[in-house]
Amino acid sequence: MPATDKTGKSGVSFTEQEALQFHQQGRPGKLEISPTKPMATQRDLSLAYSPGVAVPVKAIAEDPSRAFDYTTRGNLVAVISNGTAILGLGNLGALASKPVMEGKAVLFKRFADVDSIDLEVDTQDVDAFINSVRYLGPSFGGINLEDIKAPDCFIIESRLRELMDIPVFHDDQHGTAIIAAAGMINALHLTGRDMKTTKVVCNGAGAAGIACIELVKAMGIPHENVILCDTKGVIYKGREEGMNQWKSAHAVETSARSLYDALKGADVFLGVSVKGALTEDMVRAMAPNPIIFAMANPDPEITPEEVAAIREDAIVATGRSDYPNQVNNVLGFPYIFRGALDVHATTINDAMKVACAQALALLAREEVPDEVAAAYRGNRPKFGPDYIIPVPFDPRLIHTVPPAVAQAAMESGVARKPIVDMATYRNQLSARRDPVAGTLQRIFSKVRQQPKRVVFAEGEEEPMIRAAASYVSQGLGQAILIGREDEIREAAGTAGVDLNRPGISILNARLSTKNQDYAEFLYGRLQRRGYLFRDCQRLVNNDRNYWGAIMVARGDADAMVTGITRNYSVVLDTVHNCIDTKPGHRVIGVSLALSRGRTVLVADTAVIDMPTSEELADIAEEAAHVARRLGYEPRVAMLAYSTFGHPSGERSERVREAVKILDRRRVDFEYDGEMGADIALNMDKMAAYPFCRLSGPANVLVMPAFHSASISTKMLQELGGSTVIGPLLVGLDKPVQIVPMGAKDSDIVNMAAIAAYNVT
């Protein structure tokens with residue numbers, strides 16, 4: 001099947017030894033089971049097993065639907081095979097299929113946060129296989145069948161769907177069909193075709209081929225406009241040789257008997273057969289602007305180069321990652337099951353498959369973020385003949401496809417738990433794949449309610465241009481790009497970004513009527529610090545950060561984002577020359593560390609090198625304020641290498657004094673210290689200090705020095721797998737955010753939204 005690059009022949013280079021070593025190193029295989037609840041104490045074990053487990057057991061016995069509330073069933077899929085059709089390798093048996101099934105389970109988790117267990121059933125008897133699977137229903141929320149030969153797979157899927165009240169989905173059939181359908185929707189759109197008059201030829205009458213034509217018919221292509229072919233030619237009404245009930249259902253009245261005959265004047269070729277099945281003469285026989293999906297794995301029926309040599313008007317897709325328009329099943333099955341599981345669907349029907357295909361098609365028409373460009377080795381794709389299908393690592397898939405599938409399930413009556421608030425559901429999905437999304441969603445929502453004018457100071461840089469366009473397209477407000485217009489437009493053209501849209505403006509400082517006013521403003525601030533007027537004029541003319549910061553200071557813009565070409569400290573000095581510290585505040589850097597569902601604010605990560613006790617108290621207040629602005633009730637831990645006096649030391653004494661200062665200030669948030677990070681973050685360890693004033697694990701960590709804050713957050717990111725946002729610059733009188741050098745456009749948009757929201 002044209003799914004992920006399983007064989008190593010689809011644009012991914014590795015040796016057999018590398019593949020074996022990958023699967024063998026560390027713990028053999030690709031999966032492990034990790035508990036989601038603490039298992040550290042006797043009480044934990046008593047709750048997890050006996051006697052505590054009896055309580056949910058009784059609840060489920062009274063109401064079976066509660067299994068979704070108290071067990072993993074609602075997020076658990078079984079990946080099941082008997083190994084009769086492994087990849088393109090054939091019938092190698094159940095045990096040999098295990099590496100593939102483990103891989104499928106990993107993909108479920110990686111792309112849609114669906115937990116999965118692989119089950120290899122050692123029988124080729126269809127009835128025995130069905131009987132072994134049908135009784136597993138109480139364990140799982142869905143069944144993904146894989147690598148089962150045709151026609152057995154048709155019988156198995158059909159019978160299990162009748163016998164079980166959870167989704168049963170054979171991905172080799174439907175996965176290929178859904179992704180191909182998404183690409184076909186866009187190819188028809190680009191060539192101006194109507195489904196009702198489009199003529200389709202499918203070569204390959206196995207599981208994937210039959211699923212493909214069933215789905216395109218469900219989308220609106222008439223039965224009589226679809227011709228199915230197998231190794232013996234066209235499947236026509238009256239044919240007896242090599243037929244079965246599944247082929248017969250798609251037989252049509254036609255005089256065509258060969259694949260060549262069928263392709264004369266055809267608009268679309270769907271190939272799920274073998275290398276070389278589509279010849280150059282067949283391609284020439286097709287209609288103008290032919291659509292060719294050569295999806296044989298690992299080698300397509302015809303290569304894009306071979307098609308291009310004879311026709312310039314063709315749109316070509318394959319199952320290979322080294323060609324444009326890869327038909328990759330990972331675009332479908334994780335997200336289909338995600339949507340189905342989230343509404344407790346009883347099945348996956350045609351409406352849900354079509355919804356998935358349509359959602360994928362529409363996503364391919366949108367401008368793509370940096371993550372997608374990275375998948376194309378830096379070449380940013382744009383909707384057109386070479387980009388009609390999204391790529392697997394597009395981060396938008398998680399919040400685009402499952403809602404469409406869930407909505408279709410609800411509308412078609414197979415959802416047992418309808419989703420009431422679809423917008424909230426999309427936000428939750430974003431957070432499953434990217435923990436940053438859940439934290440930032442509140443900020444984005446607030447900014448959309450009160451859109452802001454944000455200066456994108458380094459406006460000639462491609463990431464800034466893309467970020468500005470994204471900021472506007474997401475309804476966050478207006479974007480002001482600072483720089484030379486010709487340079488900005490040239491860079492935008494290279495990036496494929498349309499700047500001729502409402503909400504984006506370009507400002508050249510030297511040509512602005514405010515130039516003199518801004519120079520005088522800066523001179524008024526710096527004249528007693530050794531600056532002459534001509535120095536200030538030069539800074540205003542030549543330094544985009546000065547211009548942008550003055551715009552914000554003067555009220556000509558609401559906020560600014562910058563930093564991709566200069567060091568943080570250099571930009572901060574520039575900003576400080578233009579904008580004052582907010583009265584009653586202190587300028588610091590606060591980073592958000594997100595890991596395993598927990599968000600912790602860390603301060604100060606950017607500004608004060610070795611804070612005094614007074615400064616540590618100020619940092620605690622500032623960080624607590626930021627926590628509240630972000631929607632968290634602060635519990636502040638004043639960190640040190642010691643915990644409540646042991647071991648003693650000068651630096652710990654400064655932290656203890658900071659706590660006393662907070663006592664005198666009578667602040668309105670929880671705080672305590674000095675303490676180690678392990679005590680601050682672990683309630684079991686904190687219990688050894690019953691006098692500790694924190695009511696729960698700390699969510700704000702005040703570090704004893706800038707270097708410890710910076711080192712710890714970077715270690716969290718690199719070793720702990722945490723996501724770190726920031727540092728957020730807080731404490732200024734006007735909102736400015738500084739991104740790291742080389743930041744991606746998505747990072748810039750996030751920081752622009754934070755600047756617009758103003759966390760200070």
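1. A residue is called buried if its relative accessible area is under 20%, exposed if over 50%, and partly exposed in between (1.4 Å probe, protein chains only). Helices (H or I, at least four residues) and strands (E, at least two) are DSSP runs, numbered from the N terminus. The structure is a predicted model, in which local features need pLDDT of at least 70 and side-chain atom pairs count only at pLDDT 80 or more, while totals for chains, interfaces and linings use all residues. Residues are numbered from 1 along each chain as its sequence is written, and side-chain values use heavy atoms, with hydrogens and water left out.

2. Strand β14 covers residues 559-562. Ala-559 and Val-561 point one way from β14, Met-560 and Thr-562 point the other way, and all are buried. Two strands pair if DSSP finds at least two bridges between them. Strand β11 (residues 452-456) pairs with β14 in the parallel sense over three bridges, and Val-454 has Ala-559 as its bridge partner in β14. Strand β21 (residues 736-738) also pairs with β14 in the parallel sense, over three bridges; here the bridge partner of Thr-562 is Ile-738.

3. Which residues have the most contacts inside the largest nonpolar core? A nonpolar core is a set of buried Ala, Val, Leu, Ile, Met, Phe, Trp, Tyr and Cys residues joined through side-chain atoms within 4.5 Å. The largest has 103 residues, and those with the most contacts inside it are Ile-143, Leu-145, Leu-270, Phe-293 and Met-352. Helix α8 (residues 171-191) gives the most to this core, namely ten residues. Another core lies apart from it and has 71 residues, including Ile-488, Ile-608, Leu-630 and Val-659.

4. Asn-699 is found in the loop between α29 (683-686) and β19 (700-702). Its relative accessible area is 9%, so Asn-699 is buried. Contact means heavy atoms within 4.5 Å; residues up to four places away in sequence not being counted, Asn-699 touches Thr-599, Val-600, Leu-601, Tyr-632, Glu-633, Pro-634 and Arg-635. A polar atom of the Asn-699 side chain lies 2.7 Å from the backbone nitrogen of Arg-635.

5. Rings of Phe, Tyr and Trp (its six-membered ring) pair if their centres lie within 6.5 Å; planes under 30 degrees apart count as stacked, over 60 as edge-to-face and the rest as tilted. The whole structure holds eleven aromatic pairs. In one of them, the rings of Phe-644 and Tyr-689 have centres 5.4 Å apart and planes at 50°, so the pair is tilted. Phe-644 lies in the loop between β17 (635-639) and α27 (650-665) and Tyr-689 in the loop between α29 and β19, so the pair ties together parts 45 residues apart in sequence. Phe-644 is partly exposed because its relative accessibility is 22%. The rings of Phe-644 and Phe-691 have centres 4.9 Å apart and planes at 75°, so this pair is edge-to-face.

6. Ring pairs also link Phe-108, Phe-169, Phe-333 and Phe-337 into a cluster. A charge sits over a ring if NZ of Lys or CZ of Arg is within 6 Å of the ring centre and within 35 degrees of the ring normal. The charged end of Lys-104 sits over the ring of Phe-333, 3.8 Å from its centre.

Technical notes
Polar contact = N/O pair within 3.5 Å; in protein donor to acceptor, adjacent residues only side chain to side chain.
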